[in-house]
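Biologist: I have not looked at this one before. Can you walk me through it?
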Amino acid sequence: MKLYVGIDVSSTDLYTCIMDQEGTTCAQFKADNHLLGASFLRDQILLWANKRQPSEILIGMEATSVYSWHPAMFFHQQEELRSWNVKVFTINPKLIRKFKEAYTDLDKTDGIDAWIIADRLRFGRLKVTAVMQEQFIALQRLTRMRYHLVHQLTREKQYFLQHLFYKCSSFTQEVDSSVFGHAILELLLESFSLDEISQMDVQQLADFLRQKGRNRFADPECIAKSIQKAARSSYRLSKCVEDSIDLLLGLSIQSIRSLQAQIKELDKAITRHLEGIPNTLQTIPGIGPVYAAGILAEIGQIERFDNQAALAKYAGLTWSKHQSGRFQAEETSLIRSGNRYLRYYLVEAANSVQRHDATFRAYYRKKYEEVPKHQHKRALVLTARKLVRVIDALLRNGQIYTPRKGEDR
């Protein structure tokens, strides 16, 4: 027989239900979500194990952000539980929610939720969640923080562009240079009025751009003229509004530079940490240490997945099917579940790989030209799906990447 332990995890509590193979509740209790509380819970599980002598103990909990990680690691590492053939599951909350819908007359309480988790374990057909090695966990913290900062930087740049339109409405139309380049940001930090920029000597403005841009502009005089043209054709603001916009632009620039510095520091830490994890992902042209780390951190041990299709599904790079009778829908959407961090790093890596590798570039172009709309997005996701097959093979077999000439499937 087996024992099933369902744990409803919150930031403060561990509501627990122990259930036998017949679906009978053996015990229900609550413990604090800390080391002492988990130790108490372990002792209760051992108590019931000695009473029932199960062949296996299954412990399950929802994957509730950071709150379930410590309990899952704790029960996975307990020597006292290993003799009882303990398996630890962290379950997608969506599976628990859908399973609970079959019980139409249950209340919403933490004790009930623990019971539902235990019953879902008893129902079976769950894959054991392999607890990642500590080096993958450490790397995952770094790469997920980078994901957070990159998205925060994108939002900050969007706010900046909104404020810039108030300041100089024609800037992005007239100036053929990155708004976020060092020289342009320095110019905006000076808080010149549009009239001052318009009347500034072109050579003086070009010298400013040349100095702040560290001679990276191919033609600073041309950029200076385009900036002046943008300033002359833009709407004018009242002094009151202009002062506010200048302040907001300055604060936004500081935020952008701070985020860029943090991302740069994280990239260095990620690169150092990745050196201790043997892999061949960087043999794929276009995949550097950051993309390789982001992918490895979410996959962990490749043995967790039966095949490349299971890995793609975990990443959310699988399309739903819509079929009824003889009808088969031609257009379907990506599944809504999946690991968003892994999907992000796979898609970003695919975009880089298709620019560096002829095989992937040909595949991307083929998929791009198949449809009249959403071309880049569709082609990029399909390229990421193709990349999953390559990554699975490299990790599973310890191979290095060797492009296949003429491959376009």
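Biologist: How many residues are there between E1 and E2 in their hairpin?
Modeller: E1 and E2 form a hairpin with 3 residues between them. Strands (E, at least two residues) and helices (H or I, at least four) are DSSP runs, numbered from the N terminus. This is a predicted model, where local features need pLDDT of at least 70, side-chain atom pairs count only at pLDDT 80 or more, and totals for chains, interfaces and linings use all residues. Residues are numbered from 1 along each chain as its sequence is written, and side-chain values use heavy atoms, with hydrogens and water left out.

Biologist: In which sense do E1 and E2 pair?
Modeller: Antiparallel, over 7 bridges. Two strands pair if DSSP finds at least two bridges between them. Asp8 has Tyr15 in E2 as its bridge partner.

Biologist: And what joins E2 to E3?
Modeller: Strand E2 (residues 13-20) is joined to E3 by 7 bridges, and the two run antiparallel. Asp13 has Asp32 in E3 as its bridge partner, and Ile18 has Ala27.

Biologist: Which residue takes a positive phi in the hairpin of E2 and E3?
Modeller: Gly23, with phi near 90 degrees. That hairpin has 4 residues between the strands.

Biologist: What is the strand order in the sheet?
Modeller: The order is E3-E2-E1-E4-E5, in an open sheet of 5 strands with mixed pairing. Strand E3 (25-32) and strand E5 (86-91) are the edge strands, each pairing on one side only. On average, neighbouring strands of this sheet are turned by 20 degrees against each other, direction ignored.

Biologist: Why is E2 described as largely enclosed?
Modeller: Because 7 of its 8 residues are buried. Buried means under 20% relative accessible area, exposed over 50%, and partly exposed in between (1.4 Å probe, protein chains only).

Biologist: Which helix lies across E2?
Modeller: Helix H1 (residues 35-52), which also lies across strand E1 (2-9), E3 and strand E4 (56-62). H1 runs at about 165 degrees to E3.

Biologist: Changing topic, which helix holds Leu247?
Modeller: Leu247 is in helix H12 (residues 239-274).

Biologist: Is Leu247 buried or exposed?
Modeller: Exposed, with a relative accessible area of 54%.

Biologist: Which residues make the nonpolar surface patch?
Modeller: Leu247, Leu248 and Leu251 make a patch of about 270 Å². Patch residues have over 30% relative accessible area and no salt bridge, with like charges joined within 9 Å and nonpolar side chains (Val, Leu, Ile, Met, Phe, Trp, Tyr) within 5 Å.

Note on methods
Areas by Shrake-Rupley, 256 points an atom, 1.4 Å probe, with all protein chains shown as cover. Salt bridge = Lys/Arg side-chain N within 4 Å of Asp/Glu carboxyl O. Axes fitted to C-alpha atoms, helices over the stretch in contact; angles between N-to-C directions. Contact = heavy atoms within 4.5 Å.
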